[in-house]
Amino acid sequence: MQQSNAVRKLEENFPSEAPQIKKREPQFGDRPNPQAKPVQKVVPSVTTQVTHEHIIRIQAPTDLLSDDSAQLAVPSLSLFEGYKKQKKALVPTILNDIFSNLLTYVLILVVTTLAVLKVHQVQMTRDMTIQYNEVLRHNELLHKEWLTLLSDREALTEYSVIRKNADEKLGMVQPKTEDEVVIDLR
């Protein structure tokens with residue numbers, strides 16, 4: 001069976017002194033092997049780079065100093081005395097950052113504005129669609145009412161309906177030919 005690269009590298013870094021020792025699981029009461037050597041981890045070297053140097057003044061407190069123990073007194077540390085001189089104002093730092101990345105901020109502003117305008121456009125389209133549907137519904141109702149009125153007009157303009165209403169409701173009768181009087185207006 002082939003060994004993986006990781007196992008080969010592990011064996012290269014930690015060569016075993018005894019070839020092919022059978023390992024058994026530890027049992028209760030077993031004591032550690034006094035001949036076993038502890039495994040040491042190999043840490044790759046890390047390259048560091050110094051970016052800031054700070055000068056720290058160490059002052060010994062006067063109450064701890066005595067004549068015979070002047071050199072053994074514990075000093076107090078003043079960590080921020082050198083750092084306070086380098087502190088910059090916040091507003092110019094922020095403005096400097098904004099102006100150095102001005103294109104990024106402008107693009108973010110443009111994208112945000114376009115997104116808000118798109119949301120507004122979608123809302124206006126929804127409102128117009130709602131109005132359009134209401135107008136269509138109203139037109140359908142008017143069309144149905146118009147058709148009903150047309151059918152009523154057709155029914156009422158029939159000669160038989162007019163004659164019947166004139167006889168029953170108004171008590172009108174058709175005159176006989178003898179009772180007809182012709183007036184010449186010429």
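The side chains of D97 and N101 are joined by a polar contact of 3.1 Å, a polar contact being a pair of N or O atoms within 3.5 Å in which, within protein, one must be able to donate a hydrogen and the other to accept it, with residues adjacent in sequence counted only if both atoms are side-chain atoms. The structure is a predicted model, in which local features need pLDDT of at least 70 and side-chain atom pairs count only at pLDDT 80 or more, while totals for chains, interfaces and linings use all residues. Residues are numbered from 1 along each chain as its sequence is written, and side-chain values use heavy atoms, with hydrogens and water left out.

D97 is located in helix α3 and is partly exposed, at a relative accessible area of 37% (buried means under 20%, exposed over 50%, and partly exposed in between, with a 1.4 Å probe and protein chains only). F99 also belongs to helix α3; with a relative accessible area of 57%, F99 is exposed. F99 contributes to a nonpolar surface patch of about 740 Å², together with V91, L95, L102, V106, V110, L114 and L117. Such patches comprise residues with over 30% relative accessible area and no salt bridge, like charges being joined within 9 Å and nonpolar side chains (Val, Leu, Ile, Met, Phe, Trp, Tyr) within 5 Å. Helices α3 (90-100) and α4 (102-156) each supply at least two residues of this patch, and α4 gives the most, with 5 residues.

The chain contains 5 helices and 2 strands, assigned as DSSP runs numbered from the N terminus (helices H or I, at least four residues; strands E, at least two). From the N terminus, the order of elements is α-β-β-α-α-α-α. Of the 186 residues, 2% are buried.

One salt bridge is found in a search of the whole structure, defined as a side-chain nitrogen of Lys or Arg within 4 Å of a carboxyl oxygen of Asp or Glu. This salt bridge links R186 with D184, the closest N and O atoms being 3.3 Å apart. R186 and D184 are both exposed.

Mean pLDDT, the predictor's confidence in each residue on a scale from 0 to 100, is 77 for the chain, and 56% of the residues score at least 70. Among the elements, α4 has the highest mean (96) and strand β2 (residues 76-78) the lowest (50). Over residues 72-76, pLDDT stays under 50; the model has 12 contacts beyond four places in sequence for these residues (contact means heavy atoms within 4.5 Å). Where pLDDT is low, predicted coordinates should not be read in detail.

Methods: Areas by Shrake-Rupley, 256 points an atom, 1.4 Å probe, with all protein chains shown as cover.
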